[in-house]
Every structure is written in structure tokens, then in C-alpha cells.
2 protein chains.
Amino acid sequence: MSEAAVAIVDDDPVLETDFAKEMVRQMRAIDSYGSYDDWSVAKILMPFVLTKQMRREIPIVGDPDEVTMARVKVYYNAIASMIEARSGLMAVPMVHLSHEGFGRALITVGKLVVMDKTLRDVHRFGFPELAKMKEEADKLLTKAAELIDAFPEVAAL
Amino acid sequence: MSEAAVAIVDDDPVLETDFAKEMVRQMRAIDSYGSYDDWSVAKILMPFVLTKQMRREIPIVGDPDEVTMARVKVYYNAIASMIEARSGLMAVPMVHLSHEGFGRALITVGKLVVMDKTLRDVHRFGFPELAKMKEEADKLLTKAAELIDAFPEVAAL
């Protein structure tokens, strides 16, 4: 786990954002045995960062394992949770894998699809750095908020 | 397979409907080895009918097997295909199972969720008779059409 120190530093400002806090909350939610209890926030989020070097070491084609799948769900659960906090409406995530790491992640609010993403290479799920993860999440959140604003009736169904 | 004759008769008028034809088309689509090639339409749709007696013989709790899952997908693919034919818009089905046969089936058209169904007891998926299957499908199709009519902008996104 020596890459951890390289990938995320403990005083990364991103760790102070609501999104990172939600990610940590979601990670703790699936940590049934309390293994993360005395882990730093940086260490808990470490597996979401895949540097180029780390990515190169993972085969190009592969089936995602349970742990990777759980991480993908944590990520979209966190996004859904943020959408919920901002809109006050229930946001339901759904992650579906078809084969060899291909799939679709969807978040619905009422009858409105506020996020719809094709997943590829799920077995190599990760972001080059923490800031990138937050950047992508922010884009998804902005898009979702715009859709809810544009079609409040559908979101309220 | 003696129940087949009991469950669906070859001259059942439902077999002549567009929905039954679509179901057969979807079943043939997953029949990679052409096993159904010389089967009657009634025989192909037979597994979708679970009489009370047949249902009683299946354990109450269980994990759905691949074949049952494939059937559930055929059913929702057929619904999506009918929505597409009627609306002229692409309808995308997504069936997700969480555990022990619980899950969610969703059909989206653009950014609109036109069908959203909680799945239970998927290992016992089936309808008491063919007419019931068509009846439920018709309900889902009507609901979907109403939603598309009400929110054409969202469906076109």
C-alpha cells in the first residue's frame, strides 16, 4: 500500500469537500467489520485513485471483482446522495454490469433520469487523481441539477 | 413438459397478438443453438406460464438461475420493443437483481423513466396464464405511452 502515500496526501484540500466526505461516509457504510475505523480519510479514498503507472499494471480486459464493483457503487451512491441533498428529492442509483466490465450507471429522481453513464473497463475503475474524481462528480451534479430545474414536474413524479 | 399442454393451448388467441409475437421473437433471439426452430409458439412461451400448482412446487426463497433471469429479460425487452414500435423513440430496458431474486426493472426513453418496477421472487417469475401476461404488459405499455405523451420533451432528450 505504499502507493497510497503517493496517490493522496493527507492535507489534500479535496478531502475537505462535501463530496469527499460523502464518499468516506459511503465507504464506511460498506465496511461491515469496521476495518476502516482507525484509517485516515486519505487512506479510505486511496483505492479510487489509479495513477497511470497503476493502471498500466492492470490487464486491459478483465472481469471486475466484487471489491471493485463495490467501489463503483460507492461512487454513484455518493453522487446520488449529493443530488438528494441538493434537490431535496430522492435520488436512486442503479449500477448494472453486462459482461467484462461493460455496463450502465443510472440515477433517477422521480421519473427523470438525471445521470446516465455507459461504463467501460470497470475492472480498472479509478481516477488519475482525487481532484479529477471531484471534477467529474461536480460535472455530473451540475448536469443533474440542470435537468431537475428544467423538468421539476418529472422529477417530482 | 406435460404441463405445457395444460398451460397454453395452441389456438390461444393471445398467441396472435403483437405482444406474443414480440415475446417469441425475443425468445428466438437468445436461442443461439436454434433449439426452438421447430417448436410451436405455444411451446416457446410455455415457461412464462406458472400455474398455481407449478408455483407451489418452487421454494419460496431462492436465487434465480440464468435461464429464469434470461426469461425476465426477454419479457422486459419485449415491453421495451413494443414501446419503441409505438412511440418511434428508442426504449432501453435495464434489469437489475440485487440478491435472492429482488431487484428493479427499468425502461427509459430519452431521460424519461417510462417503466419502473420492483422485482420480487424472480426465481418464481411467471404468470398464472398467458392472458394475464398480456394484460400486465398492456398496462405497462399504456402507462409508458401516457408518460411519453405527457413529457415528450424529456422522452426526446
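Q: Which residues of α5(B) meet B:Asp18, B:Phe19, B:Glu22, B:Met23, B:Arg25, B:Gln26 and B:Met27 in α2(B)?
A: First, some ground rules: this is a predicted model, where local features need pLDDT of at least 70, side-chain atom pairs count only at pLDDT 80 or more, and totals for chains, interfaces and linings use all residues; side-chain values use heavy atoms, leaving out hydrogens and water. Residues are numbered from 1 along each chain as its sequence is written, while chains are lettered from A and ligands numbered from 1 in the order in which they are written. Contact here means heavy atoms within 4.5 Å, and helices (H or I, at least four residues) and strands (E, at least two) are DSSP runs numbered from the N terminus. On the α5(B) side, the partners are B:Val74, B:Tyr75, B:Asn77, B:Ala78, B:Ile79, B:Ser81 and B:Met82.

Q: How many nonpolar residues are in the contact of α2(B) with α5(B)?
A: Ala, Val, Leu, Ile, Met, Phe, Trp, Tyr, Cys and Pro count as nonpolar, Asp, Glu, Lys and Arg as charged, and the others, Gly among them, as polar. This contact has three charged and three polar residues, and its nonpolar residues number eight.

Q: At roughly what angle do the axes of helix α2 and α5(B) cross in chain B?
A: Axes are lines fitted to C-alpha atoms, for helices over the stretch in contact, and angles run from 0 to 180 degrees between N-to-C directions. Helix α2 covers residues 18-29 of chain B, and its axis comes within 9 Å of that of α5(B). They cross at roughly 125 degrees.

Q: Is α2(A) roughly parallel or oblique to α5(A)?
A: In chain A, the axes of helix α2 (residues 18-29) and helix α5 (residues 66-87) cross at roughly 125 degrees. Angles under 35 degrees count as roughly parallel, over 145 as roughly antiparallel, 65 to 115 as roughly perpendicular and the rest as oblique. So α2(A) and α5(A) are oblique.

Q: Is the crossing of α5(B) and α6(B) left-handed or right-handed?
A: Helix α5 (residues 66-87) and helix α6 (residues 130-150) of chain B pack at about 45 degrees, with their axes 10 Å apart. A crossing is left-handed if the near helix is turned anticlockwise from the far one by less than a right angle, and right-handed if clockwise. This one is right-handed.

Q: How many strands does chain A have?
A: From the N terminus on, its elements run α-α-α-α-α-β-β-β-α-α. That gives chain A seven helices, and its strands number three.

Q: What radius of gyration does chain A have?
A: The radius is taken over C-alpha atoms, and the globule rule is 2.2 Å times the number of residues to the power 0.38. With 157 residues, a compact globule would be near 15 Å. Chain A agrees with that, at 16 Å.
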